Amino acid sequence: MVRKDVDGVLCNYSSQKTWTFGDLVLSSEFCSGNTAQVEAQDDACTSFELRTAPDCHGMACETNYRTWFHFSVSGAKQDQVLSFAVTNLNPQTKMFAQGMKPSFRIGNSPNAKWERIPSEVSHSSGEGRQFTIRWKFKFSAGQQPVFFAFTPPYSFEEVTKKVDEIAAQYGPASGYS
């Protein structure tokens, strides 16, 4: 899928898709999104298994690394609890054994604050060094989407804005060009 983000940055990654389960929509169709596959694990659609794509999937520089995930959930009801299991990650046992937790933010605003998942996060290693993390999340955001990521992301659009700010501050007129 080829699209542009809010600042016109071209986004064309096969790891960015959308899945619908009744009223729930899980999506990674935004810059820095990465979720290659989502499956409901129960008929009530309250438990989901997500698989990531390899870093740089579909590009000449594709690697075998699978650490990054970033997706959103919209359509959850007030106080609804959903379970997530992100599988096929590269082993991150040491970080999660020390208390590492994925991050979340509520809403689309770029000023929305990223926080760590408040609930318990479990992890396990399976066959072929496949690492899985699991958590539950209670939705209280009403109609706002909730974004989840391995760590608070710093998207390409944020990098571009920061570079533009630095260029404006230290451009040719400042003598630092």
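This is a predicted model: local features need pLDDT of at least 70, side-chain atom pairs count only at pLDDT 80 or more; totals for chains, interfaces and linings use all residues.
Next I followed E3 to its partner, strand E4 (residues 24-27), and found four bridges joining the antiparallel pair. I picked out tryptophan 19 here, whose bridge partner in E4 is leucine 26.

**Aromatic pairs.** How many aromatic pairs does the structure hold? I noted 18. I took up phenylalanine 84 and tryptophan 135: their ring centres are 5.6 Å apart and the planes are at 35°, so I logged the pair as tilted. Phenylalanine 84 is in strand E8 and tryptophan 135 in strand E12 (residues 131-138), so this pair ties together parts 51 residues apart in sequence. I also checked phenylalanine 84 against phenylalanine 148; with centres 5.2 Å apart and planes at 45°, that pair is tilted too.

Buried or exposed? I looked up phenylalanine 84, which is buried at 2% relative accessibility. Tryptophan 135 is buried at 2%, and phenylalanine 148 is buried at 0%.

**Glutamine 92.** I found this residue in the loop between strand E8 (81-89) and helix H1 (93-97). Glutamine 92 is buried, with a relative accessible area of 14%. Leaving out residues up to four places away in sequence, I saw that glutamine 92 touches Thr67, Phe131 and Phe150.

**Surface.** Last, I noted a nonpolar patch of Tyr154, Val159 and Val163, together about 290 Å² of accessible area. Valine 163 sits in helix H2 (residues 156-169).

Methods
Residues are numbered from 1 along each chain as its sequence is written. Side-chain values use heavy atoms; hydrogens and water are left out. Patches are made of residues with over 30% relative accessible area and no salt bridge: like charges are joined within 9 Å, nonpolar side chains (Val, Leu, Ile, Met, Phe, Trp, Tyr) within 5 Å. Accessible areas come from the Shrake-Rupley method with a 1.4 Å probe; for residues, only the protein chains shown count as cover. A salt bridge is a side-chain nitrogen of Lys or Arg within 4 Å of a carboxyl oxygen of Asp or Glu. Helices (H or I, at least four residues) and strands (E, at least two) are DSSP runs, numbered from the N terminus. Two strands pair if DSSP finds at least two bridges between them. Buried means under 20% relative accessible area, exposed over 50%, partly exposed in between (1.4 Å probe, protein chains only). Contact means heavy atoms within 4.5 Å. Rings of Phe, Tyr and Trp (its six-membered ring) pair if their centres lie within 6.5 Å; planes under 30 degrees apart count as stacked, over 60 as edge-to-face and the rest as tilted.
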